[in-house]
Every structure is written in structure tokens, then in C-alpha cells.
Amino acid sequence: MGANMDSNDWKDEYNVNHEIIDAQHKKLFDMINDLKKAIDAKSGSDVIDSIMKEMSDYTFYHFSFEESYMEQIRFPQLAEHKEYHENLKKRLYDIFNQFYTDQNTSCCEVLQFLENWWKKHILEKDRCYYEFIESVRK
Ligand SMILES: [Fe+2]
């Protein structure tokens, strides 16, 4: 795989200052890395399938956890944030589906999509509830 297949390292800037949510985000990063390793090791489709399945299940679980948290803190942009989650759920379904049915969709594309999506979402969108709770605490 190319130079863009470096390990997907966790950075402090991804922290949203919530112990459980940070741990869940780290686990999602780990799953992306597992997928990378499996692809690099040319693992069979059964291994890849099970990682993808586990990843989408965990994503759904994480989103509902995060949504309950945002509800609990009365985050004003909850509806908007839920839409970003719904959107990813659909795109996850599409990209995995595309991966299985279209020979031209590579594992790299799937990985790149997942990495970019998560980094951007955590830094830009999850950041909003973090900033909201910080402002309320003051
Ligand atoms: Fe989120």
C-alpha cells in the first residue's frame, strides 16, 4: 500500500474531555488500524468482513451513546449533530456495499474515507459539544 497507509495515530487534539467518549473514539481509531493491518497482511475476506462488521456495529453504538450524552447536557445543536451521524451511517453502508460489489473500489479508498471522516468529525463537530460544556461550566 502507498505512503498514505501510515498508522492512524491518536492525537491529544482529538480529546473531547469525556472519558468514555474519548475511549470510544480511540477504539474506533484502533479498528481502522486493525483494518489497515489486515489489508497489509493480505488477510482473507472473512477477516476483513468481520472487522468491517464490528466497526459498523461499534459506530452505531458509539453514536447512540454520544447522542444520549448530548441530550443529557442539553446541547443546543443536537438535531444537527444527529444528522451528521445519520449521514455517516448511510455512507458507511454505501461504501461497504460498493467495496463488496465494485472491483474498482479499493480497501485504501474505504480506509481513507473512514480516516478523513472521523478526524474531521471529531475535530469540527464533536468539538462543539466539548466547547458548549466548557462554556456552561464557567
Ligand atoms: Fe459525533
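Is Asn17 buried or exposed? Asn17 is exposed, having 10 other C-beta atoms within 10 Å; a residue counts as buried if 20 or more other C-beta atoms lie within 10 Å of its own, as exposed if 12 or fewer, and as partly exposed in between, with C-beta atoms placed from the backbone.

## Basis of the model

The structure is a predicted model, in which local features need pLDDT of at least 70 and side-chain atom pairs count only at pLDDT 80 or more, while totals for chains, interfaces and linings use all residues. Residues are numbered from 1 along each chain as its sequence is written.

## Overall architecture

The chain contains four helices and zero strands, and from the N terminus on its elements run α-α-α-α. Helices (H or I, at least four residues) and strands (E, at least two) are DSSP runs, numbered from the N terminus.

Along its principal axes, the C-alpha trace of the chain spans about 50 × 25 × 20 Å. Of the 138 residues in the chain, 11% are buried. Among contacts between residues at least 6 apart in sequence, 67% join residues at least 24 apart; two residues are in contact if their C-beta atoms, placed from the backbone, lie within 7 Å.

## Helix 1 and helix 2

Two packed helices are described by the angle between their axes and the distance between the axes. Helix 1 and helix 2 pack at an angle of about 165°, and their axes are 10 Å apart. Helix 1 is therefore roughly antiparallel to helix 2. Axes are lines fitted to C-alpha atoms, for helices over the stretch in contact, and angles run from 0 to 180 degrees between N-to-C directions. Angles under 35 degrees count as roughly parallel, over 145 as roughly antiparallel, 65 to 115 as roughly perpendicular and the rest as oblique.

The crossing of helix 1 with helix 2 is left-handed; a crossing is left-handed if the near helix is turned anticlockwise from the far one by less than a right angle, and right-handed if clockwise. Residues making the contact include Ile21, Leu28, Met31 and Leu35 of helix 1 and Ile48, Ile51, Met55 and Phe65 of helix 2. By class, this contact has 12 nonpolar, three polar and four charged residues. Ala, Val, Leu, Ile, Met, Phe, Trp, Tyr, Cys and Pro count as nonpolar, Asp, Glu, Lys and Arg as charged, and the others, Gly among them, as polar.

## Helix 1 and helix 4

Helix 1 (residues 19–40) also packs with helix 4 (residues 107–137), at an angle of about 165° and with the axes 11 Å apart. Helix 1 is thus roughly antiparallel to helix 4. The two helices make a left-handed crossing.

On the side of helix 1, the contact is made by His25, Leu28, Ile32, Leu35, Lys36 and Ile39, and on the side of helix 4 by Cys107, Leu111, Leu114, Glu115, Trp118 and Ile122. Nine nonpolar, one polar and two charged residues form this contact.

## Helix 3 and helix 4

The axes of helix 3 and helix 4 cross at roughly 175° and come within 11 Å. These two helices are therefore roughly antiparallel to each other. Helix 3 contributes His81, Tyr84, Leu88, Ile95 and Phe99 to the contact, and helix 4 contributes Val110, Phe113, Trp117, His121 and Lys125. The classes are seven nonpolar, two polar and one charged.

Tyr84 is found in helix 3 (residues 78–101) and is partly exposed, with 16 other C-beta atoms within 10 Å. Leaving aside residues up to four places away in sequence, Tyr84 touches His121 and Lys125. Glu83, also in helix 3, is exposed, with 11 other C-beta atoms within 10 Å.

## Residues with positive phi

Most residues other than glycine have a negative phi, and most peptide bonds are trans. Asn17, in the segment before helix 1, has a positive phi of about 65° although it is not a glycine.

Arg74 is found in the loop between helix 2 (45–72) and helix 3. The phi of Arg74 is near 55°, a positive value in a residue other than glycine. Arg74 is exposed, with 10 other C-beta atoms within 10 Å.
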